[in-house]
Amino acid sequence: MSAAFSPPAATATSNRVTARRDRLIDAAEIVFAREGLRGASMERIAVEAAVARATAYAYFADKEAAFVAVAERLAARLERAVAEALNTPCLQDRNLQGRESLARRLCLAVCAKHDIAWRVARSSPHAADLIAAKDRLAGPIFAASQDRIVAIYAGMLAAAAVPGPQQVAHILYTAAAGIAAGATSSADLQADLTRGISAIVRGA
């Protein structure tokens with residue numbers, strides 16, 4: 001059966017709509033990081049995206065809807081970062097064996113995830129506002145993302161014959177979140193995550 005035909009004009013229109021929506025989400029992410037949800041407005045998002053206010057409202061009913069769109073994209077970015085880190089060969093792995101190699105790969109994955117979260121939200125002067133908004137407006141989005149990331153960790157642990165891989169994966173995720181919540185700089189975050197995750201994996 002042949003694939004459905006999309007007229008060139010319809011395809012071009014769809015591409016423009018997608019590109020404009022992505023542009024507005026980019027702008028919303030910048031505005032939220034700079035001003036928090038409370039200080040943000042659809043008008044400011046429109047200005048950042050260099051579009052008319054009516055155009056912004058055509059895509060998102062209000063700033064909360066734009067926030068949810070940012071959250072959905074961020075959750076997908078976090079999952080992708082974890083998967084890519086785990087699947088990227090590490091030169092240091094050549095000299096590591098067993099749990100040491102596993103710990104190194106998981107540290108890379110955890111650090112990749114939290115580095116993005118740090119740059120997007122935690123480094124913002126409005127981090128508390130953004131985190132509260134995340135829980136209120138996008139809780140289910142990040143809960144589902146957490147389940148998928150934990151499943152990725154559990155798969156790695158099971159492949160390495162770590163006992164209770166699902167439980168250890170939950171501990172890894174929760175411990176990393178706690179470490180990130182207390183971090184005061186990106187450098188400290190990376191160092192603390194590496195120490196914490198390594199200790200959990202080696203002791204599992």
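Student: How many residues does helix α7 have, and what distance does it reach from its first C-alpha to its last?

Tutor: Happy to start there, and keep in mind that this model is predicted. Helix α7 runs over residues 165-182, which is 18 residues. At 1.5 Å a residue, 26 Å is expected, and the helix comes close to that, reaching 26 Å.

Student: Which residues of α7 are buried, and where on the helix do they lie?

Tutor: The buried residues of α7 are Val168, Ala169, Leu172, Tyr173, Ala176 and Ala180. Looking down the axis of α7, you find these buried residues within an arc of 140 degrees, so they line one face of the helix. An α-helix has 3.6 residues a turn, so residues three or four places apart point the same way. The face turned away from the buried side carries exposed residues: Gln167, Thr174, Ala181 and Gly182.

Student: Which element gives the most residues to the largest nonpolar core?

Tutor: That core has 37 residues, and Leu172 and Phe142 are among those with the most contacts inside it. The elements giving two or more residues to the core are α4, α5, α6, α7 and α8. With ten residues, the one that gives the most is α5.

Student: Is Ser145 buried or exposed, and which side chain does its own side chain join in a polar contact?

Tutor: Ser145 is found in helix α6, residues 127-159. Its relative accessibility is 2%, so Ser145 counts as buried. Beyond its neighbours within four places in sequence, Ser145 is in contact with Ala75 and Glu79. The polar contact, of 3.0 Å, joins the side chain of Ser145 to that of Glu79.

Student: Which residue caps the N-terminal end of α4?

Tutor: Helix α4 covers residues 63-87. At its N-terminal end, a side-chain oxygen lies 3.2 Å from the backbone nitrogen of Glu64. That oxygen belongs to the capping residue, Asp62.

Conventions. Residues are numbered from 1 along each chain as its sequence is written. This is a predicted model: local features need pLDDT of at least 70, side-chain atom pairs count only at pLDDT 80 or more; totals for chains, interfaces and linings use all residues. Side-chain values use heavy atoms; hydrogens and water are left out. Helices (H or I, at least four residues) and strands (E, at least two) are DSSP runs, numbered from the N terminus. The expected span of a helix is 1.5 Å times one less than its number of residues. Buried means under 20% relative accessible area, exposed over 50%, partly exposed in between (1.4 Å probe, protein chains only). The arc is that of the directions from the helix axis to the C-beta atoms. A polar contact is a pair of N or O atoms within 3.5 Å; within protein, one must be able to donate a hydrogen and the other to accept it, and residues adjacent in sequence count only if both atoms are side-chain atoms. Contact means heavy atoms within 4.5 Å. A nonpolar core is a set of buried Ala, Val, Leu, Ile, Met, Phe, Trp, Tyr and Cys residues joined through side-chain atoms within 4.5 Å.
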